[in-house]
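Dear colleague,

Please find the structure below, together with its sequence. A short account of the findings follows it.

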Amino acid sequence: MDSRFPSIEFLAKEAKRRMPGFAWDYLSGGCYSEINLAKNSSDLRQIQLEPYYLRDFAGADQRTTLFGKTYDSPFGVAPVGLQGLMWPRSCEILAKAAKDHNVPFCLSTVSTASIEDIAKITDGNFWFQLYHPAEDDLRDKLLERAESNGCETLVILADTPTFAYRPKEIRNGLSIPPQMSLRNIIQMFMSPAWSWGQLMAGKPEFKTMKPYIPPGLSMKHLGLFMNKTFSGRLTVDKIKPIREKWKGNLVVKGIVNPEDAQKAIDLGVDGLIVSNHGGRQLDTGESTIMPLTRLAQEFRDKTTIMMDSGIRSGPDIAAAIASGAHFTFMGRAPMFGVGALGNKGGDQVMEIMKKQIQQVMEQIGCEKLEDLPNHLIKH
Ligand SMILES: Cc1cc2nc3c(=O)[nH]c(=O)nc-3n(C[C@H](O)[C@H](O)[C@H](O)COP(=O)(O)O)c2cc1C
């Protein structure tokens, strides 16, 4: 571990210094006034754990089994779009780090590496998040590619029924490649490591979607094509055929209330990710730890309950699991690592998280993750 950056906060500060402003804004920002974004971490950090110092203690084991696979730690890398724009090759860097650390990596449909690239890097050990295509034919092609490349877990997204309203992105005119406004050009010049990396890696593209995008589209037309291609609102009727076709594990991400949770379970999904998209969609929504706590109580014996949004440390992961989550994901934290340290950034984040989870478990006298809820202080 690089001792200059022993926390996600230190990594984020360094990433901000190295990334062009528009890329940093896209990664770190949220919707509207970023109230939901801020609450995700601050509410999670209200959780308190009770230590037991005088009990026998045989050591802490943070391994956990999810969908029949044993992972080294209870966290994974959440799907993030446009990764290569934020830092060159960051999607590939994080997939490799996840494989080396034996934790799951989830590829977004709109990230900058292809299903095939990620399958190679992870030896087929990856999850795929499907943005729901408007055409069944495209949906089936993507599902076939994911399956034939070894993907065992498919994630479908409930929480993006409409485009988000993110003032920073609107101001920056975010697109791939970034719009050549004077402001953006100056920001690129001021970020030499980012610019050099982009030059070496080639311009970021939607590689998974590339076979379906007509060649030579202008940026404006690429935007229109992507709008037409994906229909954001997930419905019961869209989940049903996916459940029928997809033989692997099916997970719905973005569930925050019992009605939706029950509907998804009735449709035969294998797990839920309680998430508010990292505070990027609904500023008047609850922080994720709130619905997580309620949904875990009601559904954790019926399905696998995972959580993301706001996690920036090992204690945060321990708090989520103590509150009832079986597993957690992080979107921004691994990207902050790559923004700060490039190729070494994924390893750094995973080492930090593993060390911190271990320390918390040893400190409170918790041998197994399943015992963490017994340490939760209830008010
Ligand atoms: C820049 C950015 C892009 C994202 N793109 C996607 C995406 O393409 N698909 C998806 O399911 N979630 C996407 N998310 C949401 C993440 O998967 C995850 O839910 C969120 O980042 C968790 O919050 P955290 O960043 O506080 O860990 C994105 C998040 C960020 C920060």
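A crossing of two helices is called right-handed if the near helix is turned clockwise from the far one by less than a right angle, and left-handed if anticlockwise. Please note that this is a predicted model.

In that sense, helix α5 passes helix α17 in a right-handed crossing. The axes of α5 (residues 90-100) and α17 (residues 345-364) come within 8 Å and cross at roughly 40°. On the α5 side, the contact is made by Ile93, Leu94, Lys96, Ala97 and Asp100, and on the α17 side by Gly345, Gly346, Asp347 and Met350. By class, the residues of this contact comprise 4 nonpolar, 3 charged and 2 polar.

Helix α16, which spans residues 332-341, is mostly covered, with 10 of its 10 residues buried. Among the buried residues of α16 are Arg332, Met335, Phe336 and Leu341. Just after this helix, Gly342 adopts a positive phi of about 60°.

The ligand is surrounded by 24 residues, of which Ala78, Gly81, Gly278, Gly331 and Arg332 are the closest. Helix α16 supplies at least two residues of the shell around the ligand, as does α2 (21-28). The shell is made up of 10 nonpolar, 10 polar and 4 charged residues.

With kind regards

Note on methods:
Residues numbered from 1 in each chain as written. Predicted model: local features only at pLDDT ≥ 70, side-chain atom pairs only at ≥ 80, totals over all residues. Buried ≥ 20, exposed ≤ 12 C-beta atoms within 10 Å, placed from the backbone. Helix = DSSP H or I, 4+ residues; strand = E, 2+ residues; numbered from the N terminus. Near = placed C-beta within 6 Å. Nonpolar A, V, L, I, M, F, W, Y, C, P; charged D, E, K, R; others polar. Axes fitted to C-alpha atoms, helices over the stretch in contact; angles between N-to-C directions. Contact = placed C-beta atoms within 7 Å.
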